[in-house]
Amino acid sequence: MPQVAAPPWPDRVVPSWTDPVVVQASEAVGGPWGRHAVTGRALFWTPLRVCLLFTVLVLSLAWTKQAPCSDGNWTGSKQYTHLCYNDAVPLFGIHGLSTGDVPYLDSPVEYPVLTGGLMQLSAVIARGYDSLAAGIGPLPDAVPVQTYYVVTCLLLSALALLVTRGVLGLTGRRPWDAAMIGLSPVLLVHAFTNWDLLAVALTTLGMWAWARRHPAVAGVLLGLGIAAKLYPVMVVGVLFALCLRAGQLRPWLTTALTAGLAWLVVDLPIAVLAPENWARFFTLNDTRPANPESIWAIVLHWWPGFLDGPLAEGESPTVLNATVAVLLVLAAAGVVWLALAAPLRPRVPQLAFLLIAAFLLLNKVYSPQYALWLLPLAVLARPRWRSLLLWQATEALVWALTMLYYLGGDNRGVDVEWFYLAVGLRDVALVVLMALVVRDVWQPDADLVRRSWPGTDDPAGGFLDGARDVRTLRRRAQPARASRSREISSA
């Protein structure tokens, strides 16, 4: 009998062989990938291009959802009945972008500086298009606010594609995990709600640069992310805890210093030219009450006298602020302890997801679009379709019930109790997802990423990937990370 060579083993994880949800979904296209099928030889439809295509398709659906609100004609509470509310359309007029005002210099903006810069960039491009359309007949005309919102959505779409690309670069032998970004319900619901994708893209690309062992580039990108939203600073903190355990503080210091420098380059000119408007973001966060989507709003609804009690208009909730600060410090301390006490050093996305999720749950502001902050980290921390889809379903439910709550029970909306029920379900789902990640950290043989490929440690770890532990809170010295990871992967 002639000898036939066995087909080569796939050079990457095949999700239709490993994930029950993908196995079932693959039945619609002929079933799971065959044993003798060849992977890694596609001429065009590589995993990256397929995942980018998924992202484009979901963004197209997201735009279809947002289109009824794009022209600013929100009569009949259209923004709530069509679930298409966004911040860009009303702020176009409120902050004077419609008349050429520059954020911070001419108008106070409640967002960090780089987000205001994205708002200004969209306004400049939109005015340029409107001028061009007025002089060239074939170009379609639109009201200024609609042009501005279309430009904003196009820029946000480019950022969403960068998020998908960055996540794929962080997955190692699991490139198809990036499809969880492209096909995400959270991306469908919140891609165009606010400008959060700017910070999410910069943070993801910064983590990718760290994984490629470019600490200075990682610092610049993370610093720009902090200039767009403050939450990337928690990623820098997570890197510190893990580098402390691995004795890799020099690259972390490079990342931290360049991040601070990048943030300073962006913020310092505005802080000097318009100090009051620059500080508005910080003062607003100090004086604002509990956000309706936070656990504190639920507590204060049922116990109005709890913490500060009734507040006058503009009065700062000092007791609530102090309580939140203490709880956040305790949560951060718990994450640091987990980083130093776990049997194996946790992966970067695992700790980053836990810290940022704890921040959102305990903070007095948990805007619905903040779910985008968690999306890439959740995919990288625990790439299982079922648990991620269940959590994202609760985020979508919160958005739908938020719109109906603002519509009002007397106007075919819902009462506050139904809205708080959705918020509670979302919080429970997020806590369960956090508990699963903690279990994977404490029991590394349950970590899907580490046991998916022989020798895998932390594809997003960079200098931490395969490094030996130097400082731990465990009594016994740990073996080298790479050798221990091979034992787990082959088990």
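Contacts between residues 24 or more positions apart make up 73% of the protein's contacts with a separation of 6 or more. This is a predicted model, and its secondary structure comes to 22 helices and zero strands. Here is a quick tour, from the overall fold to the core and then the surface.

**Overall shape**
- A compact globule of 491 residues would have a radius of gyration near 23 Å, so the protein's 24 Å agrees with that expectation.
- Taken along the principal axes, the C-alpha atoms fill a box of roughly 75 × 55 × 45 Å.

**Inside the protein**
- Of the 491 residues, 51% count as buried.
- The largest nonpolar core has 114 residues, and the members touching the most others are Tyr 148, Leu 197, Phe 353, Leu 374, Trp 391 and Leu 430.
- Helix H10 (residues 196–211) gives this core its largest share, with 12 residues.
- Another core, of 14 residues, lies apart from it and includes Ala 297, Val 416, Ala 422 and Val 423.
- Beyond its neighbours within four places in sequence, Phe 353 is in contact with Leu 374, Leu 377, Ala 378, Ala 381, Leu 430, Leu 433, Met 434 and Val 437.

**On the surface**
- The protein exposes about 22100 Å², and carbon and sulfur atoms supply 65% of that area.
- In soluble globular proteins, nonpolar side chains tend to be buried together.
- Here, a nonpolar patch sits on the surface: Leu 43, Phe 44, Trp 45, Leu 53 and Leu 57 together have about 590 Å² of accessible area.
- Leu 43, one of the patch residues, is found in the loop between helix H2 (20–26) and helix H3 (47–66).
- With a relative accessible area of 86%, Leu 43 is exposed.

Note on methods. Residues numbered from 1 in each chain as written. Predicted model: local features only at pLDDT ≥ 70, side-chain atom pairs only at ≥ 80, totals over all residues. Heavy atoms only, no water. Patch = residues over 30% accessible without salt bridge, like charges linked within 9 Å, V, L, I, M, F, W, Y side chains within 5 Å. Areas by Shrake-Rupley, 256 points an atom, 1.4 Å probe, with all protein chains shown as cover. Salt bridge = Lys/Arg side-chain N within 4 Å of Asp/Glu carboxyl O. Helix = DSSP H or I, 4+ residues; strand = E, 2+ residues; numbered from the N terminus. Buried < 20%, exposed > 50% of the residue type's maximum accessible area, 1.4 Å probe, protein only. Rg over C-alpha atoms; globule rule 2.2 N^0.38 Å. Contact = heavy atoms within 4.5 Å. Core = buried A, V, L, I, M, F, W, Y, C linked by side-chain atoms within 4.5 Å.
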